[in-house]
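Please read them with the model open beside you.

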Amino acid sequence: MKRDKEFLREVERRSGQDLQSCYQCGKCSAGCPVSPYKDFKPNRIIRMIQYGQKEEVLKSHAIWLCVSCMTCGVRCPNDIDIAAIMDTLREMAVEAGYSYDAERNVVILHEEFVRSIRIWGRVHEATMLGLYKLRSLDLFTDLIPGIKLMLKMKIPFIPTLIKGAGEVRGMFKKTYDRKQ
Amino acid sequence: MEFSFYPGCTAHSTAIEYSMSIHAVFDALGVSLSDIEDWNCCGAAAAHSLNNMLGLALPARNIAKAQEKDLTLAVPCAGCFNALKRAEKALAPGSDKREQLENIVGFTYRDTLRIKSLVDVVVNDIGLDAIRERVTQPLAGLKVASYYGCALVRDPNVTGMGDHENPVFLDDLIGCLGGTPIDWSAKTDCCGADLALTHGAIVEDLIAKIVGNAVDAGADCFVCCCGLCQINLEMRQAAGTGVPAFYFTELVGLAMDLDGRDRWWSKHIVSPVELLKSLGLAS
């Protein structure tokens, strides 16, 4: 196993969290609603960061299965905001080029969601979901619920373009484009 | 009374009945809501998952627009509310992200805007006493599980919504409308909406736990304040379960006997009509 001694410092700096204060009580993992489905539970991710297991952490399913519900952080006796750490780890995974390694479809959905915002300023569900389906090739999942929503006129066909779409694109250039 | 309003993307799509009931209730109460001009998407889960600064900049642009008016900003969707509050915290005096964020969005934060969840506005600004006075059709016999979920309450240092393990403001509202709030234990469990499209099986497990817990506690419906929670609760429950999820403004509108309710009910994936008929609350 390759140990990256800088990893802990980088995660601490970018997330603003003191990971060394974790004493492995496991409360984060006990409360995490998606713990049973993860390859590494939150307390183990913290330990792996302390050990410098950068590649294992950034290529894990766990960081993409986190639903950002913040149950972990509000229950942590040492006030570690674990959801903020997960945000940092996802961002680092994207930068390292690992985004499609573990949870390709989760990442593709996020990408199509932000692409929709970048184009229109708001999310347009119909085109966003269409592009997600084409890229993921997951064509048939949720077809019937999707049709139900369309029949109830809950998925608008015509997108709304905001006047400040150019401003929004400018914000993407200063953030998203720099880190890819 | 007047508030600034951030509708959020679901207001015109999957949560259209939330939008319709909000405007019906606020019109009836004589409280005006004016949309933030040219608002953009808050970024939801996607933006902060891929790029932390983008996840703060998108809501911050809405804060820049909203601070131009001297009005409290009311946010109906829990997800949008959480994103806006996180951006507000990143802009607060002393934050090391403030300058960078101001540069990205191109504005100067004045720290004068108050951002509140719409349910907070109804319960605390308009007030339960004012709502109680307008109830003409008490929700007698309606047993409601108040579903708070995650983004509305957590992290309380960000949301300012108080008790994050056992919040009761929705329960208080249901009581004020003449309904029966159910005491149950999954009220702040996450519904897993972020994974609904990519990991349906996980989300069905989470929803089964939440719905099962509510039904065991005696509830026959949910009340919530989030476009994602609502659609997830109704769409991902096992077929034939039949536990509808109301937006809180739908129940306020029902108790105030407002017009146009059939249009709200017709938008639900799990129709609440039979349940309401059995209690004499629909014809």
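1. Two strands are said to pair if DSSP finds at least two bridges between them. Helices (H or I, at least four residues) and strands (E, at least two) are themselves DSSP runs, numbered from the N terminus. With that in hand, one can look at strand S6 of chain B, where B:Pro181 is the bridge partner of B:Val144. The strands concerned are S5 (residues 143-146) and S6 of chain B, which run parallel and are joined by two bridges.

2. A word on the source: this is a predicted model, in which local features need pLDDT of at least 70 and side-chain atom pairs count only at pLDDT 80 or more, while totals for chains, interfaces and linings use all residues. Residues are numbered from 1 along each chain as its sequence is written, and chains are lettered from A and ligands numbered from 1 in the order in which they are written.

3. In what order do the strands of the open sheet in chain B stand? The order of its four strands is S6-S5-S7-S8, with parallel pairing. S6 (180-181) and S8 of chain B stand at the edges with a single partner strand each, so one side of each has no neighbour in the sheet. Further in, S5(B) is joined to S7(B) by three bridges, and B:Ala145 stands opposite B:Phe222 of S7(B). Three bridges also join S7(B) to S8(B), where B:Phe246 is the bridge partner of B:Val223.

4. Taken as a whole, chain B has 13 helices and eight strands, and its C-alpha atoms fill a box of roughly 55 × 45 × 30 Å along the principal axes. The radius of gyration (taken over C-alpha atoms, with a globule rule of 2.2 Å times the number of residues to the power 0.38) is 18 Å for chain B, which agrees with the value near 19 Å that a compact globule of 283 residues would have.

5. A residue counts as buried if 20 or more other C-beta atoms lie within 10 Å of its own, as exposed if 12 or fewer do, and as partly exposed in between, with C-beta atoms placed from the backbone. By this rule, buried residues make up 60% of the 283 residues in chain B. Two residues are in contact if their C-beta atoms, again placed from the backbone, lie within 7 Å. Among contacts in chain B between residues at least 6 apart in sequence, 76% join residues at least 24 apart.

6. Chain B is divided into domain 1 (2-117) and domain 2 (128-278), with bounds that come from an automatic or database domain assignment. The centres of the two domains, taken over C-alpha atoms, are separated by 23 Å. Where they meet, 25 residues of domain 1 are in contact with 27 residues of domain 2. Helix H1 (16-29) and helix H4 (78-91) of chain B each supply at least two residues of the domain 1 side, and H1(B) gives the most, with ten residues.

7. How many residues of helix H11 (residues 248-255) of chain B are buried? Eight of its eight residues are buried, including B:Phe248, B:Glu250 and B:Leu254. These buried residues pack against several elements of chain B, among them H1, helix H6 (118-134) and strand S8 (245-247). After H11(B) comes B:Asp257, whose phi is positive, near 55 degrees.

8. Turning to the partner chain, 43 residues of chain B are in contact with 48 residues of chain A. Helices H2 (44-50), H3 (52-66), H5 (98-105) and H9 (200-216) of chain B each supply at least two residues of the side that touches chain A, and H2(B) gives the most, with seven residues.

9. Finally, consider B:Asp155, which is placed in the loop between S5 and helix H7 (156-159) of chain B. B:Asp155 counts as buried because it has 22 C-beta neighbours inside 10 Å. Leaving aside neighbours within four places in sequence, B:Asp155 is in contact with A:Met70, A:Gly73 and A:Val74.
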